[in-house]
Amino acid sequence: MRTAIVRARSTKQSFVVMELLKNFAYSQTKANLTYYRDSNAREIDIILEENGRINPPEVKMSANPDRREIKKYSLLDKAKLERGAGGILCMCEEVIPIDENNCFIPCNLI
């Protein structure tokens, strides 16, 4: 069962990354996509770098993910680039603000 959950999670993340790649392939704006994982297993699913700014979308399968997930974005404050808005792409039905820089974002909007 755990294998199915891990596979579903990685499938959802892969879907989001592919949609972002397609979006930027047809856009005038170019962006770099990467991820972050350190030796303490702290991880940010996607780091989108565009125009000197880092935007960290996180991918969750839940319709109601934990708001504390955005705390990991502070790992990016050490970067030399400005940190822009972040969000948690999830199964919610509408955009829901978490704080002034982050929100829950429905997956169907990408």
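In this predicted model, the largest nonpolar core is made up of eleven residues: I44, I47, I54, I70, Y73, L76, I88, C90, C92, I98 and F104. Strands β2 and β6 (86-90) each supply at least two residues of this core. A second, separate core has eight residues, among them F24, L48, L89 and C107. As a general background, nonpolar side chains in soluble globular proteins tend to be buried together.

The strands may be followed next, beginning with the sheet that contains β2. This sheet is open and has four strands in the order β1-β2-β3-β5, with mixed pairing. Its edges are formed by β1 (32-37) and β5 (82-83), each of which pairs on one side only. Between β1 and β2 the pairing is antiparallel and extends over five bridges. Within this pair, T34 of the chain stands opposite I47 in β2. The two strands form a hairpin with five residues between them, and in that hairpin A41 takes a positive phi near 65°.

Strand β2, residues 43-50, also pairs with β3, residues 53-55, in the antiparallel sense, here over three bridges.

When residues up to four places away in sequence are left out, I47 touches N32, L33, T34, Y35, Y36, I54, N55 and L76. Two of these contacts, I54 and L76, belong with I47 to the largest nonpolar core.

A further group of pairings involves β6, β7 and β8. Strands β6 and β8 run parallel and are paired over five bridges; in this pairing, G86 stands opposite N102 in β8. Strand β8 also pairs with β7, but in the antiparallel sense, through two bridges. The bridge partner of I96 in β8 is F104, a residue that is also listed in the largest nonpolar core. A hairpin of four residues joins β7 to β8. Strand β8, which spans residues 102-106, is mostly covered, with four of its five residues buried.

The loop between β6 and β7 (96-97) contains E94. Is E94 buried or exposed? Residue E94 is exposed because its relative accessible area is 55%, and a residue counts as exposed when that value is over 50%. Apart from residues up to four places away in sequence, E94 touches F104 and P106. The C-alpha atoms of E94 and E50 are separated by 25 Å, and the two residues lie 44 residues apart along the chain.

The largest share, three residues, comes from β6. What classes of residue make up the lining of this pocket? Nine are nonpolar and four are polar, while no charged residues are present.

Definitions and conventions:
Residues are numbered from 1 along each chain as its sequence is written. This is a predicted model: local features need pLDDT of at least 70, side-chain atom pairs count only at pLDDT 80 or more; totals for chains, interfaces and linings use all residues. Side-chain values use heavy atoms; hydrogens and water are left out. Two strands pair if DSSP finds at least two bridges between them. A nonpolar core is a set of buried Ala, Val, Leu, Ile, Met, Phe, Trp, Tyr and Cys residues joined through side-chain atoms within 4.5 Å. Buried means under 20% relative accessible area, exposed over 50%, partly exposed in between (1.4 Å probe, protein chains only). Contact means heavy atoms within 4.5 Å. Ala, Val, Leu, Ile, Met, Phe, Trp, Tyr, Cys and Pro count as nonpolar, Asp, Glu, Lys and Arg as charged, and the others, Gly among them, as polar.
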